[in-house]
Amino acid sequence: MSARAARVDPRLRTEPFDALDRRTPAGLEAFWRRRLREVLAIAWEEMPFHRRRFEAAGFHPSQLRTLGDLARVPLFDKTAVLAEQRRLGRFDVGLERASGDPGMVLSSSSGTRGTTFLAHPPRWRRVQGRSALRAHWWAGLRPGTRFLLSAPAWHSYAAVQTWIAERLELPCVVVAGTYLPRFAGRIVEALLAFRPRFVTMFLPMVFSLVSEARRRGLAPREAFASVEIITVAGAPITPGMRDALRRETGVQRFVEIAGSTESLLAVECRAERGLHVVPDTCYVEVLDPRSGGPAAPGTRGRAVHTCLVPWGSTYLRYDGGDAGVRDDSPCPCGLPSPRIKLLGRAEDAFRLGELELLPYDVQLAVEESAPALAGTPCLVLREGLAEGRLELVMPRPETGYAPGLDDALAQALRTRFGAPAEVRFVESLPLLFKGVPPVLSARDLQTSGGAHR
Amino acid sequence: MTRSRAATLPFYAARLDSRGRVEPWALEDLQEFAARHGDPYGGRLAPDRAPRVSLQLEASEDEPVFLGLGSRELRAWSGALEGAWRRFGVERNDTVALFDYGSSPAVFLAAGTYVAYLGSGVADRLGLATVCNDGVASMAGRMLEILRWVRPAALVLRRDVLAPFAEALQTAGLALSGRCRWVAVTEPDGAPPLRETRRYAELWQVPVHRLLRADAACFLAGSDPDDPRRFLVEPGLYALEAIGPGEVAVSTRFARTCPSLRHRLTSAGLELRRGAARDAPAALEET
């Protein structure tokens, strides 16, 4: 990390949460070295899953002297946890601490590649809760703010969200149901009844809320009239999406949060130049998939994180399957922590001509070529890719649609990517559990409800 | 707030009978009041109380109504769930798996982590662990993963997901018998029909209990493991009264933020049976 002091822009300054936020980048590195040594030592003593990995790699926690030494700890991913789960016949595979504590709750990972389970004992909640509070503080949450919970008790975030609410004495609104478009109406009702200032939301749900407001004959700005800040998670926000949402809702701050059940946590500051790693939750590396070493700043790689809260399930050098970039340059907000941006699942990457792309790149290209489509979800068909062609399926936008838009967009995409491209507008796309899947086969599209013309 | 003062709240004041008693009411009455007056609490919010938690009632789908709650009320309500779980049978270190939304009291009263200001939930007090699976049918597959790897001692299922869960079990060839000691079924307002839970009990060869809920009144009672037609009501939490043949109204002793007087339970054909001793649970028996 650069030791240069950040030039702080007073308009973008983040009000520090505590002394950790006031450290210099070098001071933060020292904090990380100490915390990593502590956590790795605990893992060696108390977590057989990790100890076996350390031993196999000839690593002992006492060997960690610089952050670079962390590279000696072998990486692991979900397949290793799933394999151990199958071998042992149980969820707790030896990377948990205090998992027998009364009052423990378990959360589950997303099930796209099999389900793993994470133990969250009360001691985890206290330590993780304080760190997550820092993230919310950076996002602008303050005591007394009314807090809208969509109550997804299955997710680890639910456990820290309630802790934060208690610490800041936030009056909470529990909305019936869950983060699915069919519950958008219930969330809109809560927005109208309680007029919150701060809202946390799964990004695809924000679009559902905008549509729901319109369906009720409300301008989206009316539904969001009281809201000053929306934190969005679950998918990377593009600049066009952010602009479109600002215009539609009138909300000035959309703060992106990247979080995973396995304790990766990063949040955007006012400068909107990436998401600051929350330093007491995790340490994040972005690795070049070819060399395995650190990717050059701003270059895409695999995001690997090490959890720094050694209670419950503790993931150390975990490759969660996300593609991202890391930026260590000073931030005008003054926070010392480096920034990352997760761009999507690495498994969703595809080749188009000479290019290696993510659906995020397509989304960016769409909104830059056709600003009216900013924020419109799109789906890339696998069959088209197999033939070297970009075949895009998108719902017809509610506003700003003009005949010929599909051809114009296809032409722009052909020029941009140097490959054949087709665009097909449909009435709606299938909404699976986590919104619209970015790369799908035509057959999957059919079995998941199909695109409605 | 005393009962007489509670009766001065707008919702109740508008429904006093000639003797000054609150007419029994149903959720629709509250929804109607909330819509007419543009009051999310339906005219029941005590003027001297600021709700810590405002709960959108699941059953108030067309006209939303919110229930204001404080810490003590949440804890008392979770006492009703605790009574049900104790009778169904839980042991320290058991894990209870919940397949329902986090906004259901059958979930959020279970653990202090699920809702702010509860402090300790049923699992915290009884030394249990919980795992929650979001209450949508498409998550039935994840429930099987929970069964395989977490091995819960008991399951609490939202009624909506019974059929998809049963189908997922059958497709996977997984038996509940021998894996779980009991299943409890819940729905937003009222109780699942006995014939339905009996059918699943036969299919799964596991006791399938029921929860009777009236969220507008913070009311919750579990069925009697020895007689599934009866719901056992925790002593001290509620005042029950028979208000007509097969009709029971409940007043919630601990509700202060949104006092609840004489809420008519929606399950038809309930007869009230008082407990023999003062501290014995009263029973609501389906006739």
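Okay, let's start where the two chains meet: strand β6 of chain A, residues 172-174, is joined to β1(B) by three bridges, and the two run parallel. At that spot C172(A) sits opposite V53(B) in β1(B). When I say strand or helix, I mean DSSP runs numbered from the N terminus, with at least two residues (E) for a strand and at least four (H or I) for a helix. Strands count as paired if DSSP finds at least two bridges between them.

Before going on, this is a predicted model, so keep in mind that local features need pLDDT of at least 70 and side-chain atom pairs count only at pLDDT 80 or more, while totals for chains, interfaces and linings use all residues. Residues are numbered from 1 along each chain as its sequence is written, and chains are lettered from A and ligands numbered from 1 in the order in which they are written.

Back to the contact. It takes 41 residues from chain B and 37 residues from chain A, where contact means C-beta atoms, placed from the backbone, within 7 Å. On chain B's side, the elements β1 (53-56), α5 (105-108), α6 (122-126), β4 (129-133) and α7 (140-150) each supply at least two residues. By type, that side has 23 nonpolar, eleven polar and seven charged residues. Here Ala, Val, Leu, Ile, Met, Phe, Trp, Tyr, Cys and Pro are nonpolar, Asp, Glu, Lys and Arg are charged, and the others, Gly among them, are polar.

Now chain B itself. There are nine helices and 15 strands in it. Its C-alpha trace spans about 60 × 35 × 35 Å along the principal axes. The radius of gyration of chain B is 19 Å, which agrees with the value near 19 Å for a compact globule of 287 residues; that's over C-alpha atoms, and the rule is 2.2 Å times the number of residues to the power 0.38. Of those 287 residues, 55% count as buried, meaning 20 or more other C-beta atoms within 10 Å of their own, with 12 or fewer being exposed and anything in between partly exposed.

One residue to look at is E28(B), in helix α3 (residues 27-37) of chain B. E28(B) is partly exposed, with 14 other C-beta atoms within 10 Å. D189(B) is 161 residues away from E28(B) along the chain, and their C-alpha atoms are separated by 12 Å.

Chain B also has an open, antiparallel sheet of three strands in the order β11-β12-β13. β11 (238-244) and β13 (263-264) are at the edges with a single partner each, so one side of each has no neighbour in the sheet. β11(B) pairs with β12 (residues 247-252) over six bridges, and L240(B) has V250(B) as its bridge partner.

Over to chain A, and two helices. The axes of α5 (residues 122-139) and α6 (residues 156-167) of chain A come within 8 Å and cross at roughly 75°. Axes are lines fitted to C-alpha atoms, for helices over the stretch in contact, and angles run from 0 to 180 degrees between N-to-C directions. α5(A) and α6(A) are therefore roughly perpendicular, the label for 65 to 115 degrees; under 35 is roughly parallel, over 145 roughly antiparallel, and the rest oblique. Among the residues that meet are L133(A) and H136(A) from α5(A), and W163(A) and I164(A) from α6(A).

Note on methods: Contact = placed C-beta atoms within 7 Å.
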